[in-house]
Amino acid sequence: VPFAGWSLPLHYGQGHLQSHLHTRRRCSLFDVSHMLQTRVYGRDRIRFMESLVVGDIAELKPGQGTLTLLTNERGGIVDDLIVTNTSEDHLYVVSNAGCADKDLAIMRGRAAELQATGNDVHLEVSDNALLALQGPSMARVLQAGLSDDLAKLSFMNSITTTVFGVPGCQVTRCGYTGEDGVEISVPVGQAVELAERLLGVPDVWPAGLAARDSLRLEAGLCLYGNDIDETTTPVEAGLLWTLGKRRRAAMDFPGAAIIMAQVKEKPKRKRVGLTSEGPPIREGAGAASPCSPPHIPMSPGTVTSGCPSPSLGKNIAMGYVQAAHSRAGTALTVEVRKKQHLALVTKMPFVPTQYYTAK
């Protein structure tokens, strides 16, 4: 299927349901090479990155990464990024494919501004492929091809190493499924070789976009363009934890005045999880309180992602509702095929996450 200018597999021979469940029980390989990978060099690289995002990049230890948000002056989310402070001499940034062009334009523009005032920063777009190995047997599968000890690599940490004989791979313990997993940035000329080595292990199946979407929704993770965009703020999206404490105090990121005012005054709407029986809730469905008298108009909510959950056997969704209706257990009505169906506001993640922390 077309996706952000790329042609990507929706699913492989096993089908979506089997692929999803296999990832939860064993592990799957996702080709996520459509993501934009950028390296930021120069002594002022942290100043540069913090002028664009809400996170505390300066506090990251060598090899440590974080999810952060690129924001605009209105407090909206331009993209969600993973920024890693590598143990080499650069920051490693992974951006969403659908935002690649605008992210790159913003980053190049800011780099030029800083360079013009004597700052030392420059960007390099990586042509590496990106492979994500996700699931509970990931560590056993990958460890067979590593000399490094995976037990020492915690969630959101990164090493550069040789993987199954392919040198110069950056292995980051992260992913988009809620399972223990890694993303491997691999030199493009050896990506097929590495993928074939991994898929040669019986535990490893290839997985496509359909499983990626249902897995991330079960894990309560946002899809850019659906659940977050330039009209949603970190506070509304429930992503306040991405704001570094020092950054909140300094208010030195784009849109800080609007975002911090929302923190103080509370937002009018919030991102919530929903569960329901009956027909699946899909993106674009309206949501409202069933208690609202019909003659009193209320600001409707909107479903931004939804699908039947393969792991739970019921419908799950996320979307935005009025803050007054955002408490877990609140009953709402959701419109599916022009009929009203009951849905419950439900805490996320829907399926417990299995991120790994080294002992």
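## Overall architecture

How many helices and strands does the secondary structure of the protein come to? The count is 8 helices and 19 strands, where helices (H or I, at least four residues) and strands (E, at least two) are DSSP runs numbered from the N terminus. With a radius of gyration of 21 Å, close to the 21 Å that the globule rule gives for 359 residues, the protein is as compact as a globular protein of that length. That radius is taken over C-alpha atoms, and the globule rule is 2.2 Å times the number of residues to the power 0.38. The C-alpha trace spans about 65 × 55 × 40 Å along its principal axes.

A word on the basis of all this: the model is predicted, local features need pLDDT of at least 70, side-chain atom pairs count only at pLDDT 80 or more, and totals for chains, interfaces and linings use all residues. Residues are numbered from 1 along each chain as its sequence is written, and side-chain values use heavy atoms, with hydrogens and water left out.

## Burial, surface and contacts

Of the 359 residues, 53% count as buried; buried means under 20% relative accessible area, exposed over 50%, and partly exposed in between (1.4 Å probe, protein chains only). The accessible surface comes to about 16200 Å², and 55% of it belongs to carbon and sulfur atoms. These areas come from the Shrake-Rupley method with a 1.4 Å probe, and for residues only the protein chains shown count as cover.

Contact here means heavy atoms within 4.5 Å. Among contacts with a separation of 6 or more, 67% are between residues 24 or more positions apart.

## The nonpolar cores

Let us look inside. The largest nonpolar core has 24 residues, and the members that touch the most others are Leu-133, Leu-142, Val-163, Ile-184, Val-186, Leu-194 and Leu-198. Such a core is a set of buried Ala, Val, Leu, Ile, Met, Phe, Trp, Tyr and Cys residues joined through side-chain atoms within 4.5 Å. Two or more residues each come from β3 (27-31), β9 (129-134), α4 (138-143), β11 (166-172), β12 (181-186) and α5 (191-199). Helix α5 gives the largest share, 4 residues.

Leaving aside neighbours within four places in sequence, Leu-194 is in contact with Leu-131, Val-163, Phe-164, Val-166, Cys-169, Ile-184 and Val-186. Apart from this core lies another, of 17 residues, including Val-40, Leu-52, Leu-70 and Leu-81.

Ser-19 sits in helix α1 (residues 16-25) and, at 4% relative accessibility, counts as buried. Which residues does Ser-19 touch, not counting those up to four places away in sequence? They are Ser-28, Trp-205, Pro-206, Ala-207 and Ala-211. Pro-206 is 187 residues from Ser-19 in sequence, yet their C-alpha atoms are 8.0 Å apart in space.

## Backbone details worth a look

Most residues other than glycine have a negative phi, and most peptide bonds are trans. Phe-164, not a glycine, has a positive phi of about 45 degrees. This residue lies in the loop between β10 (158-163) and β11 and counts as buried at 11% relative accessibility.

Lys-266 also has a positive phi, near 70 degrees, and is found in the loop between α8 (256-265) and β14 (269-276). At 59% relative accessibility, Lys-266 counts as exposed. Finally, a cis peptide bond, with omega about 0 degrees, joins Met-348 and Pro-349, and Pro-349 lies in the segment after β19 (339-346).
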